[in-house]
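Take a look at the structure below.

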Amino acid sequence: MNVEYKVVKRCLVLTIGPELDHHEAKKIKSVTEHLLRRGVTKHIILDFRNTKFMDSSGIGMIISRYKEVSLRGGKISIINATQSVKNLILISGLHKLVYEYECLDDALMELY
Amino acid sequence: MKKNEMDICFDSRSENESFARMVVAGFITYLDPTLEEMGDIKTAVSEAVTNCVIHGYNNGPGKIHMKCRIEDKTLQIEISDEGVGIENIRQAMEPLYTTKPDLERSGMGFAFMEAFMDGLHVESVPGKGTKVVMEKLLGVCINEEAI
């Protein structure tokens with residue numbers, strides 16, 4: 001599995017793998033569904049530190065996670081994004097829905 | 001002016017989305033593209049192949065054809081399937097339009113192909129299949145002696 005996760009202060013922190021395409025996005029969906037259903041997390045933080053490739057499947061995945069956390073009053077944040085990931089987020093207009101931070105500490109400080 | 005062509009056929013599986021973009025990346029490496037050009041091309045290939053897998057064959061079995069052609073500084077990529085085809089191409093190409101929101105599709109596939117490539121042409125016959133032809137002009141000089 002190319003996605004790692006941890007829970008920090010009711011935030012689900014997902015570290016995305018090197019390539020986020022349709023194939024990988026399907027795996028992330030099943031991981032987050034399982035964890036959100038357990039109800040221990042409110043916010044989602046997506047860590048793109050390892051991600052060198054993303055396509056529109058990644059955008060679809062982020063939009064779906066946004067919908068899930070919004071229903072619970074949570075927010076979705078993106079950290080450590082490379083320039084190519086930032087470009088895709090900008091082109092798709094996603095920067096209006098998600099919060100971008102340089103690192104985990106910045107994201108946590110903003111959320112709490 | 002040197003021509004170079006490549007033609008492959010592979011199964012319609014989500015695992016092969018990364019395979020397809022790696023193949024194209026490998027094929028154009030000798031042209032010494034910039035990281036940005038490489039990223040743009042890989043994203044566009046990924047979008048087109050993903051469309052074949054999800055829409056053309058509806059996640060079922062099928063074959064995807066991919067042809068690449070380099071002529072001068074222009075890279076042409078043709079990706080086709082013999083799947084369900086598209087009824088309304090103009091609507092399918094609209095940003096955010098998707099027939100499969102349940103599969104977490106963003107509806108940005110064609111928009112990304114258009115944004116990252118210099119040319120995009122889509123042909124489709126319902127019930128017969130879809131062909132996407134993309135072009136990109138690479139800003140590098142081909143060193144004939146180095147080939």
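## A helix checked by length

At 1.5 Å a residue, the 22 residues of α2(B) should span 32 Å. The C-alpha atoms at its ends are 30 Å apart, which agrees. The expected span is 1.5 Å times one less than the number of residues. Helices (H or I, at least four residues) and strands (E, at least two) are DSSP runs, numbered from the N terminus.

This is a predicted model: local features need pLDDT of at least 70, side-chain atom pairs count only at pLDDT 80 or more, and totals for chains, interfaces and linings use all residues. Residues are numbered from 1 along each chain as its sequence is written, while chains are lettered from A and ligands numbered from 1 in the order in which they are written.

## Its surroundings

Of the 22 residues of α2(B), 18 are buried, so the helix is largely enclosed by the rest of the structure. Buried means that 20 or more other C-beta atoms, placed from the backbone, lie within 10 Å of the residue's own. After α2(B) comes N58(B), with a positive phi near 50 degrees.

## The whole of chain B

Chain B has four helices and five strands. Along the sequence they follow the pattern β-α-α-β-β-α-α-β-β. Of its 147 residues, 39% count as buried. The C-alpha trace of chain B spans about 50 × 25 × 25 Å along its principal axes.

## Meeting chain A

In chain B, 19 residues are in contact with 18 residues of chain A. Contact means C-beta atoms, placed from the backbone, within 7 Å. On the side of chain B that touches chain A, α2(B) gives the most, with eight residues.

Notes
Two residues are in contact if their C-beta atoms, placed from the backbone, lie within 7 Å. A residue is buried if 20 or more other C-beta atoms lie within 10 Å of its own, exposed if 12 or fewer, and partly exposed in between; C-beta atoms are placed from the backbone.
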